[in-house]
Amino acid sequence: MVSKRRLSRSEDKESLTEDASKTRKQPLSKKTKKSHIANEVEENDSIFVKLLKISGIILKTGESQNQLAVDQIAFQKKLFQTLRRHPSYPKIIEEFVSGLESYIEDEDSFRNCLLSCERLQDEEASMGASYSKSLIKLLLGIDILQPAIIKTLFEKLPEYFFENKNSDEINIPRLIVSQLKWLDRVVDGKDLTTKIMQLISIAPENLQHDIITSLPEIVGDSQHADVGKELSDLLIENTSLTVPILDVLSSLRLDPNFLLKVRQLVMDKLLSIRLEDLPVIIKFILHSITAMDALEVISELREKLDLQHCVLPSRLQASQVKLKSKGRASSSGNQESSGQNCIILLFDVIKSAIRYEKTISEAWIKAIENTASVSEHKVFDLVMLFIIYSTNTQTKKYIERVLRNKIRSGCIQEQLLQSTFSIHYLVLKDMCSSILSLAQSLLHSPDQSIISFGSLLYKYAFKFFDTYCQQEVVGALVTHICSGNEAEVDTALDVLLELVVLNPSAMMMNAVFVKGILDYLDNISPQQIRKLFYVLSTLAFSKQNEASSHIQDDMHLVIRKQLSSTVFKYKLIGIIGAVTMAGIMAADRSESSSLTQDRTNLSDEQCTQVTSLLQLVHSCSEQSPQASALYYDEFANLIQHEKLDPKALEWVGHTICNDFQDAFVVDSCVVPEGDFPFPVKALYGLEEYNTQDGIAINLLPLLFSQDFAKDGGPVTSQESGQKLVSPLCLAPYFRLLRLCVERQHNGNLEEIDGLLDCPVFLTDLEPGERLESMSAKECSFMCSLIFLTLNWFREIVNAFCRETSPEMKGKVLTRLKHIVELQIILEKYLAVTPDYVPPLGNFDVETLDITPHTVTAISAKIRKKGKIERKQETDGSKTSSSDTLSEEKNSECDPTPSHKGPLNKEFTGKEEKTSLLLHNSHAFFRELDIEVFSILHCGLVTKFILDTEMHTEATEVVQLGPPELLFLLEDLSQKLESMLTPPIARRVPFLKNKGSRNIGFSHLQQRSAQEIVHCVFQLLTPMCNHLENIHNYFQCLAAENHSVVDGPGVKVQEYHIMSSCYQRLLQIFHGLFACFPCQTIPLSGVAKWR
């Protein structure tokens, strides 16, 4: 019993120490005041004072503490025995309590009775402890006195209802309540409970809160049920006491069914709860959940937990986001409001619940998974998924699956994710590693929408988190880039590009990680190399941090090393890197931006550095035609997409214009002379030139000189004394010249418009009967000549397609017609030259050895197909039936009937061979810009429409013929397929070159899919018009021939071209509408067409 009582005393000590620390702000001040206040002993003849003095307590007056001369237990025992043995017992109890009541009428005396007693020094030394209970607490420990003392305290307490603190900053009501805590024994627990609940009903709100929170420490276990019922009634009457009541109910031993009723009562009031009350309420709700009702409760909690509880004040939120955008650290403790603290506390409560209750986490995920509507998904849902993902490792796969399904269905979109980070970044920053782990997992997905969501996680983590997390984000992105997975590399580089623009100063701190990618250049594609060097160059040449000079040195070393390599793959890296870096160095700084806000216009020294770098690239690439062409193309892309400083642009324009004229332009009146294999003629001129001022492109002599230079033959007199220039560079060089002139003159190409209609020095290209007698070398020469001419015309169309005058439009359409005619001629040569390797038309390829196999395989396939067709012709009707079946399967979009006449079959066979060769040779043709398709605005005028709608031939109408329309539609279809097909669907088979599928779409890939689709949407109206015209064509054709497809009046070639145009238009529309729902398409053009 003694040990038990000592244990109780220890508990009393701890409790009272806590209470005293709360009620006495400056306990030492009492001791310091003793020297200034009379330290007098209470001298009184009352039985109360005498008995206390006999038992061992000396009462003091004023502010001095009462003194305890004996041990506390000894005092209680002595007083109990004195009272019990008193002759007037039990009347002596009334006299003693009456004396206490008289004594505590004085406020100082009452305060001293509530505060701990002071032990005498000798007793203090003997006990080894300085703590002692108050006089009231000691008296409550005596059973015969406890009921009367409790009654006295409850009668005394109302006097202090509206006096929270006295002159010494001591809270008397709280001191009184603290006397009832942790009593060793309660004589009449039911009576005590009744008195406390009555007191709560009449006490002011602040005291109600203190009394309610003290109930678990006052009432015994047998009274918990009664207290719980009283508190539940009070909860209905007074909602302001919800928090303390629920806090107490969680600590009481109550019936589970009773708790369910209270929980439902709280859930009904959840929408009206204040933000600061939410943590306690959510804690009570979560702790009362069982496995049977977990999903139901969590689902209801999701619906009723209003978003306004989790949203910061608008001003504070805007300021925090602004601070983040400037790259400041997120540890802004001084700026956090109480609302932020409540939010953090709320999620801490939820974390604790789901960490120890698997049922709650699983129910929460299930509740989010069952939410189907997009509008029903909340910021709170995403935060919960992140919290559960970081807390319970067993549910990671489950959460990833739920997220993937939500992203695919469009339920979780970028705006929701951005709001989640901007509002709750203080909560999410503690889960940085888990969020990055989730992002890494999502980036491994084959679904592009999921990959994009993963990239957004990286982006917003960098934007809203602190410096340490930013370093982790950059490290994770670098890991993705070095992984070798093409989709991961593209996505990670795109994120780095955004981060450089979003927060350059923060990226500068992590530049050393990005610089490490330079050791892994072998595994990334040319387009990825452009992005990487753009990021590094931006960091190296921004004046945000002068420490960027070490990045410049490393980049110069890598570029010089790659440029000096004899392997084209490494030289390509050097060229792309050097041109990209020169673009950043020579960027126009006349308009300040976030990256160059402190920089002035390009100085002479900087201009010299840029020109020296470009001259280095030129000198290192001039020995290789492919390297030179790549340099011109890269430089052209730079001028097209970046705004260069006027000084640098002027130097480039002057150098290029002079060099181009010297290399490729000659007088048209002077026909080159030499030992050429074919007679040289000026062909494809659009105007009659005078003998004095005409110019021409010197193509055939240059090609002949190049071939002879390879074979070691003599150089003709025309080239003697001149620098040998490869005709392979003609189209790339002109593209660079055109873009430079366009940039210098604000889109005006009048300075070079003579190149649009000037002739080309060629020879008669139509083979005729001499094709069979030509040698393989001559056929190859003619093929190369046609390929180069086609690429020249393609760049001409690229350059002048946006001209608005009818004369210029007519010339562009004529060049387009020449392209179609030359492709037909080219097919004739290709058919008899199976092993021919065309000259490259696109040069940003990783290797030069990928092309011969493609052409050889195509030729072999055509030869094999020809044998099969000849064999089928001898098989009779049995084969013809199978042909009909195959035609039906392969003509899904063909509006014509499946049965075809002999002319149809003959033309179809030729067309299939031609289209197969040209389709697989697109890598050797110059890429058409997306602006070329503005030509589709020109009307399609066929013979039938011309006869019925146009009555005079004198009217000049710019016309787009069916062959030219088909040519444009086929190219547009290929571009859309390349841009809109997901990467997973375009994966190259095993052992195939991964970069080969992108050849011919280099310029396209440097634009976003949204930009391309926007351009195509502008073409909806003309494409719909063409579709309607073709439909009218077939209707007129059917009416004139009585629905007989191969009637005598049908022109087979025209018929099939129109059919192919119709099919291509349907394919384009299908691709657009499949990738972009009708709700997202601007239908203004379609509406006009309707």
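A crossing of two helices is termed left-handed if the near helix is turned anticlockwise from the far one by less than a right angle, and right-handed if clockwise. The structure described here is a predicted model, in which local features need pLDDT of at least 70 and side-chain atom pairs count only at pLDDT 80 or more, whereas totals for chains, interfaces and linings use all residues. Residues are numbered from 1 along each chain as its sequence is written, and side-chain values use heavy atoms, with hydrogens and water left out.

The secondary structure of the protein chain comprises 50 helices and seven strands; these are DSSP runs numbered from the N terminus (helices: H or I, at least four residues; strands: E, at least two). Of the 1090 residues in the protein chain, 51% are buried. Buried denotes under 20% relative accessible area, exposed over 50%, and partly exposed the range in between (1.4 Å probe, protein chains only). The chain exposes about 51000 Å², of which carbon and sulfur atoms supply 51%; accessible areas come from the Shrake-Rupley method with a 1.4 Å probe, and for residues only the protein chains shown count as cover. Among contacts (heavy atoms within 4.5 Å) between residues at least 6 apart in sequence, 76% join residues at least 24 apart.

Helix H32 (residues 568-585) packs with both H34 and H30. Helix axes are lines fitted to C-alpha atoms over the stretch in contact, and angles run from 0 to 180 degrees between N-to-C directions. Angles under 35 degrees count as roughly parallel, over 145 as roughly antiparallel, 65 to 115 as roughly perpendicular and the rest as oblique. The axes of H32 and helix H34 (residues 625-641) lie 10 Å apart at an angle of about 25 degrees, which makes H32 roughly parallel to H34. The crossing of H32 with H34 is right-handed. On the H32 side, Phe568, Lys571, Leu572, Ile575, Ile576, Val579 and Gly583 take part, and they meet Gln626, Ala627, Leu630, Tyr631, Glu634, Phe635 and Leu638 of H34. This contact of H32 with H34 contains 10 nonpolar, two polar and two charged residues. For this classification, Ala, Val, Leu, Ile, Met, Phe, Trp, Tyr, Cys and Pro count as nonpolar, Asp, Glu, Lys and Arg as charged, and the others, Gly among them, as polar.

Helix H30 (residues 526-540) and H32 have axes that come within 9 Å and cross at roughly 40 degrees; the two helices are therefore oblique to each other. H30, too, passes H32 in a right-handed crossing. The contact involves Pro526, Ile529, Arg530, Phe533, Tyr534, Ser537 and Thr538 of H30, together with Leu572, Ile573, Ile576, Gly577, Thr580, Met581 and Ile584 of H32. Nine nonpolar, four polar and one charged residue form this contact of H30 with H32. Serine 564, in the loop between helix H31 (549-563) and H32, counts as exposed at 54% relative accessibility. The C-alpha atom of serine 564 is separated by 9.0 Å from that of serine 621, 57 residues apart along the chain.

A further pair is formed by helix H39 (residues 776-800) and helix H40 (residues 806-831), whose axes come within 9 Å and cross at roughly 160 degrees. H39 and H40 are therefore roughly antiparallel to each other, and the crossing is left-handed. The residues in the contact of H39 with H40 divide into 19 nonpolar, three polar and two charged.

Just after H3, glycine 56 adopts a positive phi of about 125 degrees. In the loop between H4 and H5 lies proline 90, and the peptide bond from tyrosine 89 to proline 90 is cis, with omega near 10 degrees.

Positive phi values also occur in residues other than glycine. Tryptophan 182 has a phi near 55 degrees and is located in the loop between helix H10 (172-178) and helix H11 (189-202). With a relative accessible area of 39%, tryptophan 182 is partly exposed. Tyrosine 684, with a positive phi of about 60 degrees, is placed in the loop between strand S5 (681-683) and strand S6 (695-697). Tyrosine 684 is buried, at a relative accessible area of 18%.
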